[in-house]
Amino acid sequence: FAFADGEEISTHESGGDAFVVCINGKGIITIDGVPHELCEGDAILMPAKHPHAVLGKEDFKMLLTVVF
């Protein structure tokens with residue numbers, strides 16, 4: 001996925017665990033209402049059935065892998 005500065009995916013849930021790796025830029029991944037800033041090389045797990053959202057804090061590219 002690629003996000004422009006300020007572009008977002010609003011809060012939603014997934015049926016599978018989602019693993020995100022920041023390829024470049026900066027983004028904010030919010031899980032259960034708690035924001036987590038990711039920079040190049042950072043990774044985070046978004047657990048299944050937990051509300052989460054994604055925001056480009058600047059131009060932001062991420063690799064998303066979902067396991068069902």
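How many aromatic pairs does the structure hold? The count comes to two aromatic pairs, where rings of Phe, Tyr and Trp (its six-membered ring) pair if their centres lie within 6.5 Å, with planes under 30 degrees apart counted as stacked, over 60 as edge-to-face and the rest as tilted. One of them joins Phe-1 and Phe-3, which are stacked at 6.3 Å centre to centre with 20 degrees between the planes. Ring pairs link Phe-1, Phe-3 and Phe-60 into a cluster.

The model is predicted, so local features need pLDDT of at least 70 and side-chain atom pairs count only at pLDDT 80 or more, while totals for chains, interfaces and linings use all residues. Residues are numbered from 1 along each chain as its sequence is written, and side-chain values use heavy atoms, with hydrogens and water left out.

The table gives the accessibility of residues discussed in this report. Buried means under 20% relative accessible area, exposed over 50%, and partly exposed in between (1.4 Å probe, protein chains only).

| Residue | Relative accessibility and class |
|---|---|
| Phe-1 | 54%, exposed |
| Phe-3 | 6%, buried |
| Cys-22 | 2%, buried |
| Cys-39 | 27%, partly exposed |
| Glu-37 | 40%, partly exposed |
| Lys-57 | 43%, partly exposed |

Strands come next; they are DSSP runs (E, at least two residues), numbered from the N terminus, as are helices (H or I, at least four residues). Strand S3 (residues 17–31) and S4 run antiparallel and are joined by six bridges; two strands pair if DSSP finds at least two bridges between them. Lys-26 has Cys-39 in S4 as its bridge partner. The hairpin of S3 and S4 has two residues between the strands, and Asp-32 there takes a positive phi near 50 degrees.

What is the count of salt bridges? There is one salt bridge, defined as a side-chain nitrogen of Lys or Arg within 4 Å of a carboxyl oxygen of Asp or Glu. The side chains of Glu-37 and Lys-57 form this contact, at 2.5 Å from N to O.

The whole structure has zero disulfides, a disulfide being a pair of cysteine sulfur atoms within 2.5 Å.
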